[in-house]
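This briefing goes through one protein chain, topic by topic. Please keep the structure open while reading.

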Amino acid sequence: MDNPKYEHDNGSQQNSTVNNCNTQLNYDTANNDVILAVDDVESSRLASNHKKTFTQHTKDVCLKNLTNFIKRKLFILQWIPVYSSEDFLGDLLAGITIGLTVIPQSMALASIVGIPAQYGLYSSFVGTFIYLLFGTSKVVPMGPTAIVALLINNTIGTRGPAYATLLCFLTGVIQISMSFAGLGIIVNFISVPVCSGFTSASAILVITSQVKDLIGVKGGGGNLLKMCRTVLEHIGNISIGDTIMGFACIGTVMLLKAFSTTRIGPKEEELQNVWQKYVNKLIWAIGAFRNSFVVIVCSIICYWCVHITNHDITSDWAPPIPFKIIGKIPHGLPHFQWPEFSNTNESFFDMIFFMGSGIIVIPLISLLENISLCRTFAEGKPIDTDQELLAIGMANLGNSFFHGFTGAGAIARGALNYSSGVRTPLGGLYTGLTVMAALVFLTPYFYYIPKTALAAVIIAASFMMVDVKMVKQVYKSKKKDLVLMLITFFACLFLPLEYGVLIGIVANVGFIMCSAAKPKISIQVQKNHDGIKYLLLTPDRYLVFPSMEYVRQTITKHGLALGIPVVIDGSSVFEADFTTANVFSMMSQDFSKKGQFLYLYDLKPSVANVFKGIKNCNIFICANKDELDVLLRNHFGPSQIQEQYQNETIWTSKM
């Protein structure tokens with residue numbers, strides 16, 4: 001008996017048959033002349049081979065997915081294969097430049113945190129090594145920043161390095177968790193005016209916090225008023241030597257910064273001769289190393305003052321000179337150690353409770369500062385915020401095992417990194433090596449660095465963070481955004497910084513919700529080809545629950561007043577929710593009682609599906625105007641049109 005045939009995509013094909021307990025597999029080829037007979041043993045062997053093949057295929061797919069995941073997360077694998085000698089020279093120069101800049105800055109930033117200067121150096125090399133493995137931006141110089149340092153000080157107070165290190169560990173864990181949860185999108189909800197207001201206020205707070213070291217008095221406080229009050233309380237103890245040196249340092253740094261923009265010869269580098277190029281590079285280098293130059297000169301002055309007094313630098317007493325100096329710094333690199341999760345007096349949860357909201361705010365602010373730097377020098381490339389979260393999270397986690405505190409990409413150092421000609425994130429390697437070399441070979445000389453010089457370096461760098469130009473731009477663009485900027489600015493100045501940031505973010509969300517609650521609705525009375533009048537309302541944005549009360553009042557007010565069909569043009573509506581559909585359903589029932597109908601046309605499919613899910617709804621949904629005209633014609637015959645015309649005539653005569 002012939003096998004029954006069935007139709008296949010490639011033509012007629014026979015089914016398999018069973019002959020003498022053997023499975024006969026019939027496969028039609030192009031000539032339909034191949035018949036394979038397979039016995040039971042062979043069948044089991046084929047099944048085994050199929051299982052092995054499937055298992056191998058699964059392993060290959062998993063391995064490929066794992067490889068792609070590692071390549072995507074370990075970002076260095078994407079650019080290191082094409083690394084060139086030109087990239088090496090650019091990264092080497094930029095890395096050393098940033099290293100010489102971060103050495104004095106990191107020690108000064110440690111004073112903002114309220115911990116010894118060496119912890120600033122400990123925070124400036126491990127993170128750079130880790131960031132170059134995961135980071136996507138070549139300009140990010142991972143390390144301490146003024147804004148984050150100020151937030152840390154507000155969070156841990158005078159609890160010391162152990163708390164700063166634990167906070168760094170928690171920040172890293174939170175940022176890594178946020179990265180894998182895809183929460184990098186959070187920064188998109190913080191507008192530019194909020195960022196500008198926060199940054200400007202933070203810069204003023206940083207400057208104010210350094211005044212005490214600039215003039216050699218005691219001070220402190222978490223907001224502007226407290227800082228000013230504590231400095232004024234001790235103003236009688238002002239150090240004349242520190243004050244003179246400090247203001248001289250600020251003036252020198254600012255002059256060198258202005259001098260660095262000077263160029264000789266033509267503006268275009270291609271038109272300059274060799275001599276002009278070398279002179280311009282020398283001028284740039286003087287400006288780039290201005291912080292190190294000022295600190296070195298002041299340290300030499302203090303070295304001379306200490307040695308003419310024959311002071312024993314191994315003692316714990318401060319030298320009898322007119323300047324306050326850093327003093328002894330431990331020699332060598334920090335050793336690996338887990339953060340202190342508890343101590344003799346406090347448990348882990350006690351420490352967490354003490355740090356409070358700072359545990360959440362600091363990871364967000366360090367991310368925001370880092371992303372702002374990345375976007376500034378992105379050169380049109382998209383920024384992967386989740387990958388940057390992973391990079392700075394891993395960097396902070398690594399820092400915490402070497403006594404470091406939380407860091408990010410500092411905007412000022414990032415700008416210097418860019419102008420130094422950095423080519424890839426590998427520039428961070430040479431920055432970290434420079435800091436390590438300083439810890440190994442230069443710590444005896446750090447003893448002589450005056451605190452006022454470090455304060456001057458931070459104050460001069462913070463001046464450029466006060467964004468005065470942005471106020472004028474925002475005022476000309478949209479005055480409502482200026483209000484938002486000022487709310488954030490003053491909240492950050494006069495409240496603890498973390499509360500000021502939260503107030504700015506909440507105000508930003510509030511402005512967005514207020515805007516969403518009152519969408520613009522174009523209102524027109526139109527006639528179709530049959531002369532049927534209807535009220536056309538065109539919303540200009542999303543129709544979601546915050547706006548529905550306003551939309552309902554607007555539609556009901558005009559629709560019931562005119563007594564004609566109400567038509568909603570949904571061409572500009574890209575999203576709706578259940579609340580929207582429910583409100584429109586209730587409106588349609590109200591209109592039906594008055595003999596009116598509610599029509600929606602030109603809706604996006606996703607929006608139309610929302611309305612179709614409502615039962616007992618009297619809304620008529622039309623795909624286009626042609627369908628709308630058909631429905632209007634069916635609902636309003638000639639008699640209704642004549643009645644509508646008479647009502648219009650009566651209404652006009654009353655006018």
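The model is predicted. Its protein chain has a mean pLDDT of 83, with 88% of the residues at 70 or more. The secondary structure comes to 27 helices and 12 strands.

**Confidence and overall make-up**

- Residues 1-38 have a pLDDT below 50, and beyond near neighbours in sequence this stretch has 45 contacts in the model.
- Residues 644-655 also have a pLDDT below 50. Beyond near neighbours in sequence, that stretch has 7 contacts in the model.
- The protein chain has 655 residues, of which 46% count as buried.
- Taking the contacts between residues at least 6 apart in sequence, 75% join residues at least 24 apart.

**Helix pair H8 and H22**

- Helix H8 covers residues 192-215 and helix H22 covers residues 497-517; their axes come within 10 Å and cross at roughly 165 degrees.
- Because angles over 145 degrees count as roughly antiparallel, H8 is roughly antiparallel to H22.
- The crossing of H8 and H22 is right-handed.
- On the H8 side the contact is made by Val 194, Phe 198, Ser 202 and Leu 205. On the H22 side the residues are Leu 497, Val 501, Gly 504, Ile 505 and Asn 508.
- By class, the contact of H8 with H22 has 6 nonpolar and 3 polar residues, and no charged residues.

**Helix pair H5 and H15**

- The axes of helix H5 (residues 126-134) and helix H15 (residues 385-400) come within 8 Å, and the crossing angle is roughly 150 degrees.
- H5 and H15 are therefore roughly antiparallel to each other.
- The crossing of H5 and H15 is right-handed.
- H5 contributes Val 126, Gly 127, Ile 130, Tyr 131 and Phe 134 to the contact. These meet Gln 387, Glu 388, Leu 390, Ala 391, Ile 392, Met 394, Ala 395, Gly 398 and Asn 399 in H15.
- By class, the contact of H5 with H15 has 9 nonpolar, 4 polar and 1 charged residues.

**Helix pair H6 and H14**

- Helix H6 (residues 146-156) packs with helix H14 (residues 358-376) at an angle of about 175 degrees, and their axes are 10 Å apart.
- That angle makes H6 roughly antiparallel to H14.
- From H6, the residues in contact are Ile 147, Val 148, Leu 151, Ile 152 and Thr 155. Their partners in H14 are Gly 358, Val 361, Ile 362, Ile 365, Ser 366 and Glu 369.
- The residues of the contact of H6 with H14 divide into 7 nonpolar, 3 polar and 1 charged.

**Loop residues and their contacts**

- Thr 424 lies in the loop between helix H16 (411-419) and helix H17 (427-441).
- Thr 424 has 8% relative accessibility, so this residue counts as buried.
- Not counting residues up to four places away in sequence, Thr 424 touches Trp 79, Tyr 83, Asp 87, Asp 91 and Lys 138.
- Thr 424 and Leu 132 are 292 residues apart along the chain, yet their C-alpha atoms are separated by 8.4 Å.
- Gly 219 is in the loop between H8 and helix H9 (224-233).
- Gly 219 has a relative accessible area of 34% and is partly exposed.
- Leaving aside neighbours within four places in sequence, Gly 219 is in contact with Lys 212 and Thr 230.

**Positive phi outside glycine**

- Asn 310 is not a glycine, but its phi is positive, at about 55 degrees.
- The loop between helix H12 (290-308) and helix H13 (348-355) holds Asn 310, and this residue is exposed, with a relative accessible area of 70%.
- Asp 602 is likewise not a glycine and has a positive phi of about 60 degrees.
- Asp 602 sits in the loop between strand S11 (598-601) and helix H25 (605-612), and at 33% relative accessibility Asp 602 counts as partly exposed.

How values were computed: Residues numbered from 1 in each chain as written. Predicted model: local features only at pLDDT ≥ 70, side-chain atom pairs only at ≥ 80, totals over all residues. Heavy atoms only, no water. Axes fitted to C-alpha atoms, helices over the stretch in contact; angles between N-to-C directions. Helix = DSSP H or I, 4+ residues; strand = E, 2+ residues; numbered from the N terminus. Parallel < 35°, antiparallel > 145°, perpendicular 65-115°, else oblique. Left-handed = near helix turned anticlockwise from the far one by under 90°. Contact = heavy atoms within 4.5 Å. Nonpolar A, V, L, I, M, F, W, Y, C, P; charged D, E, K, R; others polar. pLDDT = per-residue confidence, 0-100. Buried < 20%, exposed > 50% of the residue type's maximum accessible area, 1.4 Å probe, protein only.
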